[in-house]
There are 2 protein chains.
Amino acid sequence: MNPKPVPDIVVGRLPRYLQALEHMLLKGIKTTSSQELGESIGISAAQIRKDLSQFGEFGKQGTGYSTSYLVTQLQTILNANQVWDLALVGIGGLGSALAHYQGFSNRDFRIVLAFDNNPEKINKKINGLIIMDIVHIPEQIRAKNVKIAMLTVPASVAQTTTDQLVLGGIRAILNYAPISLNVPSGIHVENLDPIIMLQHMTYYLK
Amino acid sequence: MNPKPVPDIVVGRLPRYLQALEHMLLKGIKTTSSQELGESIGISAAQIRKDLSQFGEFGKQGTGYSTSYLVTQLQTILNANQVWDLALVGIGGLGSALAHYQGFSNRDFRIVLAFDNNPEKINKKINGLIIMDIVHIPEQIRAKNVKIAMLTVPASVAQTTTDQLVLGGIRAILNYAPISLNVPSGIHVENLDPIIMLQHMTYYLK
């Protein structure tokens, strides 16, 4: 174990390495190199070697990496070697699409709670899951020991909903709402607002 | 204009500053400070001042920033002071949700092209837009001079679809597919795969 905290930007690249390596495994590629991995995801080989070196020695000079070994190691580092339960808050268009998205269960994430504030949706089912009133967020998050939420509510209610998630003991929030969330330190937020990502790119488009 | 290229990680923070400042404007907050802005989005005041200083002087020591002036300046820097046309490729659950998402037109993005490969969807309408066969991607992207695409197709066809977008002259891709894309240099890709974001956070959850 590394005694110094690894920079968050390095941590953020590891899931992309894992994703690419899992695709290689599916294709039957048993060994790979930082060059090959880098070319498949557009990151330099030197960067990949430097990132991985923060966590130990995973390959031998000249012979490259065992794909399956590196997959296992990265899964362990990222705690991706277990199933994680998710709460989905906001069952509008995007929330409904996420509720039906196969990609979660394929990758060991499982939506176990769904919430909305619309009386016409509450107690209805979505993909086999009963939609609950958001007033039950704290008690249900706590009862089911859910640590991760996906927030797909309008900006106007994003913060109050976040406060309820925090009250229930949530530890991480995937935020699709177009607003930044205030959370206590120790709670992780990743923002997936498409506008933010689009404006990042339009900077380069003139 | 700054002669040195600004680091991409700095560019990536600017849309978040803009978003927070626009929320302030809506609330009638006429002046702000790097402290106040930082607290609202969880970024240090020093970081914000350093980031903004790459582009010029936007406030006065002690008096802070004019919110509307800083909004205008950031919009100009990010080329967010114009309407950008988007192509949406893949009209499944997520693609349909994006086609109906109000957040784009509210923020000067406009979906003008929609594509799918499913004969049952082709020539149907979604939110007023005719869904076209993906074989028409290059010609349509070029004819409508669209520079940005959102890709919501399965991983198995993400790369071939990307190649068609590139052929049509696309400059930026918002990639929702759970796979990294190979694109020529000069074409920008931002990845929005939720699994990548979730695994980034599970690293911290043990």
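Two strands pair if DSSP finds at least two bridges between them. Helices (H or I, at least four residues) and strands (E, at least two) are themselves DSSP runs, numbered from the N terminus. With those terms in hand, welcome to the structure.

## About the model

This is a predicted model, in which local features need pLDDT of at least 70, side-chain atom pairs count only at pLDDT 80 or more, and totals for chains, interfaces and linings use all residues. Residues are numbered from 1 along each chain as its sequence is written, while chains are lettered from A and ligands numbered from 1 in the order in which they are written.

## Chain A as a whole

Chain A contains 9 helices and 10 strands, and its C-alpha trace spans about 60 × 45 × 35 Å along its principal axes. An automatic or database domain assignment supplies the domain bounds: domain 1 covers 8–77 and domain 2 covers 84–197. The C-alpha centres of these two domains of chain A are 31 Å apart.

Of the 206 residues of chain A, 41% count as buried. A residue is buried if 20 or more other C-beta atoms lie within 10 Å of its own, exposed if 12 or fewer, and partly exposed in between, with C-beta atoms placed from the backbone. Two residues are in contact if their C-beta atoms, placed in that way, lie within 7 Å. Among contacts in chain A between residues at least 6 apart in sequence, 55% join residues at least 24 apart.

## Strands around strand 7

Strand 7 (residues 129–133) of chain A pairs with strand 5 (residues 109–116) of chain A in the parallel sense, over 3 bridges. Here Asp116(A) stands opposite Asp133(A).

Strand 6 (residues 125–126) of chain A runs antiparallel to strand 7 of chain A, joined by 2 bridges, and Lys125(A) faces Ile130(A) across this pair. The hairpin of strands 6 and 7 of chain A has 2 residues between the strands, and Asn127(A) takes a positive phi near 50 degrees there.

## Two helices of chain A

In helix 5 (residues 93–100) of chain A, the buried residues are Leu94(A), Gly95(A), Ser96(A), Leu98(A) and Ala99(A). Their cover includes strands 4 (84–89), 5, 6, 7 and 8 (148–151) of chain A, together with helix 5 of chain B.

Val10(A) belongs to helix 1 (residues 8–26) of chain A. Is Val10(A) buried or partly exposed? Val10(A) counts as partly exposed because it has 15 C-beta neighbours inside 10 Å. Leaving aside residues up to four places away in sequence, Val10(A) touches Asp51(A) and Gln54(A).

## Where the chains meet

The contact between the chains takes 49 residues from chain B and 49 residues from chain A. On the side of chain B that touches chain A, helix 9 of chain B gives the largest share, 9 residues. By class, this side has 28 nonpolar, 15 polar and 6 charged residues. For these classes, Ala, Val, Leu, Ile, Met, Phe, Trp, Tyr, Cys and Pro count as nonpolar, Asp, Glu, Lys and Arg as charged, and the others, Gly among them, as polar.

## A helix pair in chain B

Helix 1 and helix 4 (residues 67–77) of chain B pack at an angle of about 145 degrees, with their axes 9 Å apart. Axes are lines fitted to C-alpha atoms, for helices over the stretch in contact, and angles run from 0 to 180 degrees between N-to-C directions. Residues making this contact include Leu14(B) and Tyr17(B) of helix 1 of chain B and Leu70(B) and Val71(B) of helix 4 of chain B. By class, the contact has 10 nonpolar, 3 polar and 1 charged residues.
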